[in-house]
Amino acid sequence: QVQLVESGGGLVQDGGSLRLSCAASGRTFSLLAMDWFRQAPGQEREFVAAITTSGGRTYYADSVRGRFTISRDNAKNTVSLQMNSLKPEDTAVYYCAALRAGYSEVLVRNRNAMNYWGKGTLVTVSS
């Protein structure tokens, strides 16, 4: 079993930056493909960013590409999301999610494929 705990959310002004972190329990972190999703009030949970088990490849939703950066540290069992140039439409609860990928360098964007989820951290961007 893997537990994921997000941190780093908060209130920021339009154009500001935040860095989210997700800490994973267990000894198999390097075999997990990691994603960030978000869910705004009244909307479905949507894909934000993905990173492969090694961290060698990343993928982003069009809405955040060029502003957000996903990274991971397999030695520390953490994945991060650096968010720059934030906009009010980025306001949402952000979730860390993991897929048991083994040694596959897979990028996953489908929320239904994820095996583990954190409880989320709220990001609010004021205009």
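The following paragraphs describe the fold, surface and selected residues of a predicted model of a single chain.

Residues are numbered from 1 along each chain as its sequence is written, and side-chain values use heavy atoms, with hydrogens and water left out. Since the model is predicted, local features require pLDDT of at least 70 and side-chain atom pairs count only at pLDDT 80 or more, whereas totals for chains, interfaces and linings use all residues.

The chain contains zero helices and 11 strands, where helices (H or I, at least four residues) and strands (E, at least two) are DSSP runs numbered from the N terminus. The radius of gyration is 14 Å, close to the 14 Å that the globule rule gives for 127 residues, so the chain is as compact as a globular protein of that length; this radius is taken over C-alpha atoms, and the rule is 2.2 Å times the number of residues to the power 0.38. Taken along the principal axes, the box filled by the C-alpha atoms is roughly 45 × 25 × 25 Å.

Of the 127 residues in the chain, 43% are buried, a class defined by a relative accessible area under 20%, with exposed meaning over 50% and partly exposed in between (1.4 Å probe, protein chains only). The accessible surface comes to about 6,500 Å², and 46% of this area belongs to carbon and sulfur atoms; the areas come from the Shrake-Rupley method with a 1.4 Å probe, and for residues only the protein chains shown count as cover. Among contacts (heavy atoms within 4.5 Å) between residues at least 6 apart in sequence, 61% join residues at least 24 apart. The chain carries 14 positive and 10 negative charges, whose mean positions are 7 Å apart; Lys and Arg count as positive and Asp and Glu as negative, His and the chain ends being not counted, and the place of a charge is taken as NZ of Lys, CZ of Arg, CG of Asp or CD of Glu.

A search of the whole structure for aromatic pairs finds four, on the criterion that rings of Phe, Tyr and Trp (its six-membered ring) pair if their centres lie within 6.5 Å, with planes under 30 degrees apart counted as stacked, over 60 as edge-to-face and the rest as tilted. One of these is the tilted pair of Phe37 and Trp117, with 5.0 Å centre to centre and 50° between the planes. This pair links distant parts of the chain, given that Phe37 lies in strand E4 (residues 32-39) and Trp117 in strand E10 (residues 116-117), 80 residues apart. Phe37 is buried, at a relative accessible area of 1%, whereas Trp117 is partly exposed, at 29%. Ring pairs join Phe37 and Trp117 with Phe47, Tyr59 and Tyr95 in a cluster.

Met83, in strand E8, is buried with a relative accessible area of 0%. Beyond residues up to four places away in sequence, Met83 touches Gly16, Ser17, Leu18, Leu20, Arg67, Phe68, Tyr94 and Val123. The C-alpha atoms of Met83 and Gly16 are separated by 8.3 Å, although the two residues are 67 apart along the chain. Thr121, in strand E11 (residues 121-126), is likewise buried, with a relative accessible area of 10%. When neighbours within four places in sequence are left aside, the contacts of Thr121 are Glu6, Ser7, Gly8, Gly9, Leu20, Ala92, Val93 and Tyr94. A separation of 9.5 Å is found between the C-alpha atoms of Thr121 and Ser21, which lie 100 residues apart along the chain.

Further residues of interest lie in loops. Asn77, in the loop between strand E7 (68-73) and strand E8 (78-83), has phi near 55°, a positive value in a residue other than glycine, and is buried at 17% relative accessible area. Ser85, in the loop between E8 and strand E9 (92-100), also has a positive phi, of about 50°, although it is not a glycine; Ser85 is partly exposed, with a relative accessible area of 40%. Thr91 is placed in the loop between E8 and E9 and counts as partly exposed at 22% relative accessibility. Neighbours within four places in sequence aside, Thr91 is in contact with Ala40, Val123, Thr124 and Val125. Thr91 and Leu107 are 16 residues apart along the chain, and their C-alpha atoms are separated by 24 Å.
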